[in-house]
Amino acid sequence: MTDTATVIEIVESTPIHLITSTAEGGELVSQPMTAQDHKDRDELQQLHYVASRQSTLVDNVKAGRTQVNIAVQSSEGFVSISGEASVTEDLADLKKWWSKSTDMWFDGGPEGGEAAVLTVTTDSAQFWSAESKVGTVLELIKSRFTGDKPDAGESETVNL
């Protein structure tokens, strides 16, 4: 499996991503978001999220602090994706990325005026893959007895 395929496999394994942006004072702030297009991918150029127009994340991006990080954790491993975010309130884009789960968060559907589409154009990703939780635990136990460092899986950086 290629490194890019490994990143995609981790991203596809869960829709919940933690997005970190930079606030006005320079502090880093994070919030969980649901990716609208995390499945059935053969590339990872962009990820799309439906966000509240009043969220700190949207405010940060609209203020020009567009560099973000996306963290994804699953049983497949971990991935940290860097990228540049943009925001649109275009109704056609909202309809394109709207889902049944989005209805739970926003009254009035895509026409309700509460939501925006956050698009992250990816730059690079670093991943850490593990065979399995059981395999990782066994490696930790083995290292405790042998004194060797545990083999916690593979880690690589990928340009997207």
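Me: What should I know about the model before starting?
Reply: Residues are numbered from 1 along each chain as its sequence is written, and side-chain values use heavy atoms, with hydrogens and water left out. Since the model is predicted, local features need pLDDT of at least 70 and side-chain atom pairs count only at pLDDT 80 or more, while totals for chains, interfaces and linings use all residues.

Me: Is strand β6 mostly covered or uncovered?
Reply: Strand β6, residues 115-129, is mostly covered, with 11 of its 15 residues buried. Buried means under 20% relative accessible area, exposed over 50%, and partly exposed in between (1.4 Å probe, protein chains only). Strands (E, at least two residues) and helices (H or I, at least four) are DSSP runs, numbered from the N terminus.

Me: Which sense does β6 take with strand β5, and over how many bridges?
Reply: Strand β5 (residues 77-88) runs antiparallel to β6, joined by 12 bridges. Two strands pair if DSSP finds at least two bridges between them. Ser80 stands opposite Gln126 in β6.

Me: And how many bridges with β7?
Reply: Strand β7 (residues 154-159) pairs with β6 over 6 bridges, also in the antiparallel sense. Here Ala125 stands opposite Val158.

Me: New topic: which residues touch the most others in the largest nonpolar core?
Reply: They are Tyr49, Val79 and Ile81, in a core of 26 residues. A nonpolar core is a set of buried Ala, Val, Leu, Ile, Met, Phe, Trp, Tyr and Cys residues joined through side-chain atoms within 4.5 Å. β5 and β6 are among the elements that each supply at least two residues of this core.
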